[in-house]
Amino acid sequence: DDDVIGVTALRRIKADGIKRHQLGIVLEGGPEDENQGISLTIEKDNVRIGTMTHKAWSYRMERMIGYALVSIEAQPGETVQVIRDDGVRIDGALAALPFLK
């Protein structure tokens, strides 16, 4: 029985293929940038490729890290920029999950 909420969307995704995936992102800078919002635009070569959905200071990695919901073409290790709410661009790199130092 497939009478569930969302079955139409799941069938569409299966037919069309996956368009986004979740990766980690490791940002340049320090903990002072911690409270600059979430749901920020991620760009590669000045083209929007996705959104940073969460970020936090990692005491273990001593870096700002976050989750990136990005185009399926984007891969771990690629250099990207996150656009803060105030327009400041922060350099970063996409990373495989889970985060490992």
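Biologist: Is Gly66 buried or exposed in this predicted model, and what is its relative accessibility?

Modeller: In this predicted model, Gly66 is found in strand β4. The cut-off for a buried residue is under 20% relative accessible area. Gly66 therefore counts as buried, its relative accessibility being 5%.

Biologist: Which residues is Gly66 in contact with, leaving aside its neighbours within four places in sequence, and what distance separates the C-alpha atoms of Gly66 and Gly24?

Modeller: Once those neighbours within four places are set aside, Gly66 is in contact with Leu23, Gly24, Ile25, His54, Lys55 and Phe99. Of these, Gly24 lies 42 residues from Gly66 along the chain, and yet the separation of their C-alpha atoms is 5.8 Å.

Biologist: How many bridges join β1 to strand β4, and which residue in β4 stands opposite Val26?

Modeller: Strand β1 and strand β4, the latter spanning residues 63-71, run antiparallel and are joined by eight bridges. Where Val26 is concerned, the residue that stands opposite in β4 is Ile65.

Biologist: How many bridges join strand β1 to strand β6, and which residue in β6 stands opposite Leu27?

Modeller: Strand β1, residues 20-27, also runs antiparallel to strand β6, residues 89-95, and four bridges join them. Within this pairing, Gly24 stands opposite Ala95, while the residue in β6 that stands opposite Leu27 is Gly92.

Biologist: In what order do the six strands close into a barrel, and what is the average twist from one strand to the next?

Modeller: The protein chain has one helix and six strands, and from the N terminus on its elements run α-β-β-β-β-β-β. The six strands close into a barrel with antiparallel pairing, in the order β1-β4-β3-β2-β5-β6. From one strand to the next, the twist averages 40 degrees.

Biologist: How many of the eight residues of β1 are buried, and what percentage of the residues of the protein chain count as buried?

Modeller: Strand β1 is mostly covered, with six of its eight residues buried. For the protein chain, which has 101 residues, the share that count as buried is 37%.

Biologist: Where do Asp45 and Glu62 lie, and what is the phi of each?

Modeller: Most residues other than glycine have a negative phi. Asp45 lies in the loop between β2 (40-44) and β3 (47-58) and is exposed, with a relative accessible area of 67%. Glu62 lies in the loop between β3 and β4 and is likewise exposed, with a relative accessible area of 53%. Phi is positive in Asp45, near 55 degrees, and positive in Glu62, near 55 degrees.

Biologist: Is the peptide bond from Leu97 to Pro98 cis or trans, and where is Pro98 found?

Modeller: Most peptide bonds are trans. The bond from Leu97 to Pro98, however, has omega near 0 degrees and is cis. As for its place in the chain, Pro98 is found in the segment after β6.

Terms used:
Residues are numbered from 1 along each chain as its sequence is written. This is a predicted model: local features need pLDDT of at least 70, side-chain atom pairs count only at pLDDT 80 or more; totals for chains, interfaces and linings use all residues. Side-chain values use heavy atoms; hydrogens and water are left out. Two strands pair if DSSP finds at least two bridges between them. Helices (H or I, at least four residues) and strands (E, at least two) are DSSP runs, numbered from the N terminus. Axes are lines fitted to C-alpha atoms, for helices over the stretch in contact, and angles run from 0 to 180 degrees between N-to-C directions. Buried means under 20% relative accessible area, exposed over 50%, partly exposed in between (1.4 Å probe, protein chains only). Contact means heavy atoms within 4.5 Å.
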